[in-house]
Amino acid sequence: MLPGMVPLTNQNTWVRNGPGFEFVTKYTLPAGSGFRILAGPSSGDGLMWWYGNGNGQDFGWVPDQNLTCH
C-alpha cells in the first residue's frame, strides 16, 4: 500500500493512537469502511501498522491485516 490509497476494513477495526495493541483505541471503523493511508508501515506487536484516517475521523493507526485493497 502507498500513501493516498484508501483500502477497506475487512472487519470492525479499532483505530489506535500508536502502532500496537498497547495504545489507546480512539474509535472503531465498521467492516467495509475506507481508511485513507497517510504514512507507514510501522511495526508493533509483530504486525505492520498503517497511519491514516477513516470516514473523516481523527488520524490513527490500524493493523495491515484489517485492510483490503482491491
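Visitor: Why does Thr13 count as buried?

Guide: The relative accessibility of Thr13 is 0%, and buried means under 20% relative accessible area, with exposed set at over 50% and partly exposed in between, using a 1.4 Å probe and protein chains only, so Thr13 counts as buried. The model is a predicted one, in which local features need pLDDT of at least 70 and side-chain atom pairs count only at pLDDT 80 or more, while totals for chains, interfaces and linings use all residues. Residues are numbered from 1 along each chain as its sequence is written, and side-chain values use heavy atoms, with hydrogens and water left out.

Visitor: How do you know that the side chain of Thr13 makes a polar contact with the side chain of Asn66?

Guide: The distance between the two side chains is 3.2 Å, and a polar contact is a pair of N or O atoms within 3.5 Å, where within protein one must be able to donate a hydrogen and the other to accept it, and residues adjacent in sequence count only if both atoms are side-chain atoms; the pair of Thr13 and Asn66 therefore qualifies. A polar atom of the Thr13 side chain also lies 2.8 Å from the backbone oxygen of Gln11. Thr13 itself belongs to strand β2, residues 13–16, where a strand is a DSSP run of E with at least two residues, a helix being a run of H or I with at least four, and both are numbered from the N terminus.

Visitor: Which residues does Thr13 touch, not counting residues up to four places away in sequence?

Guide: With contact taken as heavy atoms within 4.5 Å, Thr13 touches Tyr27, Thr28, Leu29, Val62, Pro63 and Asn66.

Visitor: What makes up the largest nonpolar core?

Guide: The core has eight residues in all, namely Val15, Tyr27, Leu29, Phe35, Ile37, Trp50, Val62 and Leu67, and the term stands for a set of buried Ala, Val, Leu, Ile, Met, Phe, Trp, Tyr and Cys residues joined through side-chain atoms within 4.5 Å. The elements that give two or more residues to this core are β3 (25–29) and β4 (35–44). In soluble globular proteins, nonpolar side chains tend to be buried together.

Visitor: What makes the side chains of Lys26 and Asp58 a salt bridge?

Guide: Their N to O distance is 3.0 Å, and a salt bridge is a side-chain nitrogen of Lys or Arg within 4 Å of a carboxyl oxygen of Asp or Glu, so the pair meets the criterion. The pair links distant parts of the chain, 32 residues apart, with Lys26 in strand β3 and Asp58 in the loop between β5 (47–54) and β6 (59–63). The structure holds one salt bridge. Lys26 counts as partly exposed because its relative accessibility is 35%, and Asp58 is likewise placed in the class of partly exposed residues by a relative accessible area of 44%.

Visitor: Why is Trp49 called buried?

Guide: Trp49 has a relative accessible area of 0%, and this residue of strand β5 is therefore buried. The side chain of Trp49 reaches the backbone oxygen of Gly44 at 2.9 Å.

Visitor: Why does Asn55 count as exposed, and why does Asp45 count as partly exposed?

Guide: Asn55 has a relative accessibility of 51% and so counts as exposed, whereas Asp45, at 46%, counts as partly exposed. Asn55 is found in the loop between β5 and β6, and Asp45 in the loop between β4 and β5. Although Asn55 is not a glycine, its phi is positive, at about 55 degrees, and Asp45, also a residue other than glycine, has a positive phi near 60 degrees.

Visitor: What is the omega of the cis peptide bond that joins Gly40 and Pro41?

Guide: The omega of this bond is about 5 degrees, and Pro41 lies in strand β4.
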